[in-house]
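Please keep the sequence and the coordinates at hand.

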Amino acid sequence: MTDLARQPCVACGKTASRVTEGEKHRLHEKLPGWQILEAKGHEKLYKEFDFKNFAQALAFINRVGAVAEEENHHPDIQLGWGKATVSWWTHSIGGLHQNDFVMAARTDEAFDG
């Protein structure tokens, strides 16, 4: 498990702070292949994962879903034949929180595992 994936995912609400620019860049460096995109005015972490078939992609999103449910922090997931895309951001603050980077690292581990 990576250092980032081992960090706690803490409950946060509307008063939580988004990551600073410095924090965002430092954390993003630890997530190979993840992009920071803006959609509908919100920054999000985004990554597409490739698989040999639909069943492998489905198994992956089920693993990600289980981790998300355990932490009560849920991504947007799209599933297709041989691929899945995952986007993380904190809805309550309309942007990126440290939790999103932690969960992206855990998503990578679900892919590897």
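The largest pocket is lined by 13 residues, and Cys12, Asn72, His73, Thr90 and Asn99 are those nearest its centre. On a 1 Å grid over the protein atoms alone, a pocket is an open set of points where a 1.4 Å probe fits, with protein on both sides within 12 Å along at least five of seven lines; lining residues have an atom within 4 Å of a point. Rolling a probe the size of a water molecule over the atoms shows where empty space is left. The volume of the largest pocket is about 200 Å³, where a volume is the space filled by probe spheres set on the grid points, which are joined across faces, edges and corners. The lining of the largest pocket comprises five nonpolar residues, seven polar ones and one charged residue. In this division Ala, Val, Leu, Ile, Met, Phe, Trp, Tyr, Cys and Pro count as nonpolar, Asp, Glu, Lys and Arg as charged, and the others, Gly among them, as polar.

The model is predicted: local features need pLDDT of at least 70, and side-chain atom pairs count only at pLDDT 80 or more, whereas totals for chains, interfaces and linings use all residues. Residues are numbered from 1 along each chain as its sequence is written, and side-chain values use heavy atoms, with hydrogens and water left out.

Asn72, one of the residues nearest the centre of the largest pocket, belongs to the loop between α3 and β3. Helices (H or I, at least four residues) and strands (E, at least two) are DSSP runs, numbered from the N terminus. With 60% relative accessibility, Asn72 counts as exposed; the terms are buried for under 20% relative accessible area, exposed for over 50%, and partly exposed in between (1.4 Å probe, protein chains only). Most residues other than glycine have a negative phi. Asn72, however, has a positive phi near 55°. Lys40 also has a positive phi, near 55°, and is a residue other than glycine. This lysine is located in the loop between β1 (35–39) and β2, and Lys40 is exposed because its relative accessible area is 81%.

Helix α3 spans residues 54–71 and contains Glu69. Glu69 is exposed at a relative accessible area of 56%, and its side chain forms a polar contact of 2.9 Å with the side chain of His74. A polar contact is a pair of N or O atoms within 3.5 Å; within protein, one must be able to donate a hydrogen and the other to accept it, and residues adjacent in sequence count only if both atoms are side-chain atoms. From Glu69 to Ala57, twelve residues away in sequence, the C-alpha to C-alpha distance is 18 Å.

What is the setting of strand β4? Five of the six residues of β4 (residues 83–88) are buried, so the strand is largely enclosed by the rest of the structure. Two strands pair if DSSP finds at least two bridges between them. β4 runs antiparallel to β2, to which six bridges join it, and Trp88 in β4 is the bridge partner of Leu45. With strand β3 (residues 76–80), β4 forms an antiparallel pair over five bridges. There, Ile77 has Val86 as its bridge partner, while Gln78 has Thr85. The hairpin of β3 and β4 has two residues between the strands, and in it Gly82 takes a positive phi near 75°.

Within β4, Ser87 is buried because its relative accessible area is 13%. Ser87 is in contact (heavy atoms within 4.5 Å) with Leu45, Tyr46, Pro75 and Asp76, residues up to four places away in sequence being left out. Trp88, also placed in β4, counts as buried at 1% relative accessibility. A polar contact of 3.0 Å links the side chain of Trp88 to that of Thr107. Trp34 is 54 residues from Trp88 along the chain, yet their C-alpha atoms are separated by 10 Å.

On strand β2 (residues 42–50), Lys47 is a charged residue by the classes above. Is Lys47 buried or exposed? Lys47 is buried, because its relative accessibility is 15%. Its side chain makes a polar contact of 2.9 Å with the side chain of Asp108. Leaving aside residues up to four places away in sequence, Lys47 touches Pro32, Gly33, Trp34, Ala84, Thr85, Val86 and Asp108.
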